[in-house]
Structures are given as structure tokens and as C-alpha cells.
Amino acid sequence: KANTLTPSDILARKGGDPLVCLTAYTTPMARLVDAHCDVVLVGDSVGMVLHGLPSTLGVTMEMMVMHGAAVARGVSRALMVVDMPFGSYEESPEQAFRNAARLMRQTGCAAVKLEGGVAMADTIAYLAARSIPVMAHIGLTPQAINTLGGYKVQGRGDDAARILSDARAVAEAGAFAVVLEKVPESLANQITADLPIPTIGIGASADCDGQILVVDDMLGLFAAFKPKFVKRFAELEGDADAAIADYAKQVRARSFPGPEHVFGDQAPEGTT
Ligand code: KIV
Ligand code: NA
């Protein structure tokens with residue numbers, strides 16, 4: 001693929017024009033996102049958004065491979081990053097390498113993302129030293145819901161030092177960018193000023209080096225979920241509901257299909 005953005009290109013954008021990032025899980029959505037964004041993330045949010053799971057903990061490698069391969073068919077310019085699912089990397093750097101390499105081989109992605117700061121620094125360094133670019137993810141890390149005790153803001157007050165240590169650890173380990181999720185704006189700004197790598201905010205700060213949202217959230221397609229940090233740029237769930245209600249009404253009234261949707265006995269002139 002010519003002119004595809006690389007992890008080094010993304011790293012080089014530190015302090016420059018904001019990095020525009022969104023998720024995608026399917027080929028058609030990947031095409032739409034690729035046309036406007038620098039990074040397409042195949043997030044493990046796919047488990048909640050498309051598969052109806054209650055959290056991201058039930059997401060498997062097989063799901064990430066299948067959605068990653070679908071997204072790859074729709075991406076030509078953006079950097080595609082695939083999330084490592086819960087349980088696929090935490091055990092050891094070797095386990096992380098095996099599964100990250102599988103994601104790269106079977107989806108064609110050029111980078112992976114994993115959750116964790118200080119605790120994952122050795123793993124990030126191990127992958128980076130073995131040709132696997134890593135995007136880190138700190139602050140609110142949804143795979144840690146059970147130890148964090150909910151989807152709460154991370155790094156308020158005295159807890160800021162913990163998140164700052166995580167940020168420094170992943171940058172030092174060689175991550176090419178870091179997602180900062182649901183941390184106070186002032187802390188996100190401090191980390192952005194402190195780190196040599198781009199920060200990508202979600203519920204963080206407009207002064208991060210980039211922003212990311214779940215595309216279904218910002219399109220209003222996953223309307224059941226509306227955290228404060230999501231801005232709805234469209235209300236597609238409402239549009240879809242109205243369209244399906246209209247279809248049901250027309251089928252019941254036998255006004256769909258209409259004459260233009262049905263076939264005559266004879267092929268029209270000039271066709272076969
Ligand atoms: O899974 C996901 O969609 C993510 C982004 C929200 C950063 O990790
Ligand atoms: Na994720």
C-alpha cells in the first residue's frame with residue numbers, strides 16, 4: 001500500500017497537527033474512517049459495540065483477527081492499529097509477542113495497542129525490540145474494570161503521580177504513542193508536555209496530540225452508551241429506527257415493494 005502512514009509518521013507528529021483517530025470494525029466503516037483520519041483502531045470495544053458483550057473482557061483473539069482482517073480491506077492511507085484482547089499479553093512478554101505477531105500476520109496491521117503503564121513497560125520494550133510497534137493505553141483501561149472498580153476518572157488528586165509514572169514508563173519503553181483515557185484535563189496537558197511521544201486523548205484534553213472516539217458512539221449508532229466525553233456528531237440510531245419502522249409499515253400496507261422493485265414476465269427492450 002503506497003502512502004500508508006507508519007508508526008514513525010505518527011510519532012513524528014508529536015506537537016504538530018492533531019492526530020485524528022477513530023475506531024472501525026468492518027470494511028465499509030474502515031473506508032469512511034480512512035478517508036478522513038490518520039489512525040484506524042480496531043478496538044476491543046468491538047465486543048460491546050457489535051457483539052453485545054457487557055465489557056471488553058470476553059473479547060477473543062479470533063474476534064480481533066476477523067475484524068482486523070475486515071478493516072484492513074478498507075484502509076489505504078491511515079495507520080491501522082489492532083487492540084490486543086484481555087488475556088492475550090499480560091502473562092509474559094513472550095505471550096504478548098506470540099499474539100501480537102499473530103495479529104500482524106493475520107490482519108496485516110502495522111501496530112498493536114495494549115492496556116497498562118508501569119506493569120506493561122517490559123512487555124512494550126520486548127515487542128518494540130522485536131519489530132512490533134506498540135501504542136500504549138493508560139488512565140482508564142477498560143480491561144481492568146474489575147480492579148479499578150468501575151469506569152471512573154483516573155488520576156485525580158494524589159493519584160495523578162501514578163498516571164504520570166505510567167505515561168513516562170510506556171514512553172521510555174518505546175511506545176510510539178499513548179492513549180490517555182478519562183483523566184483530568186490538567187493531567188493530560190502535563191503528560192502531553194512531558195512526553196516525547198504523541199498523546200491521544202479520549203475524555204482527556206483538546207491539547208492532547210490527537211483525539212480518538214469509538215466511531216459508533218460519535219455517530220450515535222451505539223446510543224445505549226453515552227459517557228460525558230462522547231460528542232454525538234450524528235444520531236444514526238434514531239435514523240435507522242425511523243427507517244425500519246417505515247419499512248415495517250409499508251410491508252404491512254403492501255405498499256412495498258412498489259412497481260419499480262418488481263420484475264415483469266418479459267425482459268425490457270435492450271436487456272438480456
Ligand atoms: O477499544 C477501543 O475502542 C479503544 C479506544 C476507545 C481507545 O481502546
Ligand atoms: Na480498547
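## Strands and how they pair

Two strands count as paired if DSSP finds at least two bridges between them. Keep that in mind for what follows, and remember that this is a predicted model. Strand β7 (residues 199-202) is joined to strand β8 (residues 210-213) by two bridges, and these strands run parallel. One of the contacts to look for is G201, whose bridge partner in β8 is Q211.

On to strand β6 (residues 177-181): β6 and β7 are also parallel, this time with four bridges. Here E181 has I202 of β7 as its bridge partner. To get from β6 to β7 the chain goes through helix α9 (residues 185-194), and the β-α-β crossover is right-handed.

## β7 is covered on both sides

In a regular strand, side chains alternate between the two faces of the sheet. In β7, T199 and G201 sit on one side, with I200 and I202 on the other. All four are buried, so both faces of this strand are covered.

## The annotated binding site

The unreviewed UniProt entry lists D44, D83 and E115 under the feature "binding site". These residues spread over 72 residues of sequence but cluster in space, with a largest C-alpha distance of 10.8 Å.

Let's take D83 to begin with. This residue belongs to strand β3 (residues 79-83). D83 counts as buried because 28 C-beta neighbours lie inside 10 Å, and the cut-off for buried is 20 or more. Leaving aside residues up to four places away in sequence, D83 touches L41, V42, G43, D44, M64 and K113.

Now for E115, which lies in strand β4 (residues 111-115). Is E115 buried or exposed? It's buried, because 24 other C-beta atoms fall within 10 Å. Again not counting residues up to four places away in sequence, E115 touches H137, T141, Q143 and A144.

Which residues are around ligand 1? They are T23, L41, G43, D44, S45, D83, H137, V179, I202, I212 and V214. By class, that shell has five nonpolar, four polar and two charged residues.

Notes: Residues are numbered from 1 along each chain as its sequence is written. Chains are lettered from A and ligands numbered from 1 in the order in which they are written. This is a predicted model: local features need pLDDT of at least 70, side-chain atom pairs count only at pLDDT 80 or more; totals for chains, interfaces and linings use all residues. UniProt positions are given in the numbering used here, feature names are shortened, and annotations may be inferred rather than shown by experiment. A residue is buried if 20 or more other C-beta atoms lie within 10 Å of its own, exposed if 12 or fewer, and partly exposed in between; C-beta atoms are placed from the backbone. Two residues are in contact if their C-beta atoms, placed from the backbone, lie within 7 Å. A residue is near a molecule or strand if its C-beta atom, placed from the backbone, lies within 6 Å of it. Ala, Val, Leu, Ile, Met, Phe, Trp, Tyr, Cys and Pro count as nonpolar, Asp, Glu, Lys and Arg as charged, and the others, Gly among them, as polar. A crossover is right-handed if, with the strands pointing away from the viewer, the path from the first strand over the helix to the second runs clockwise.
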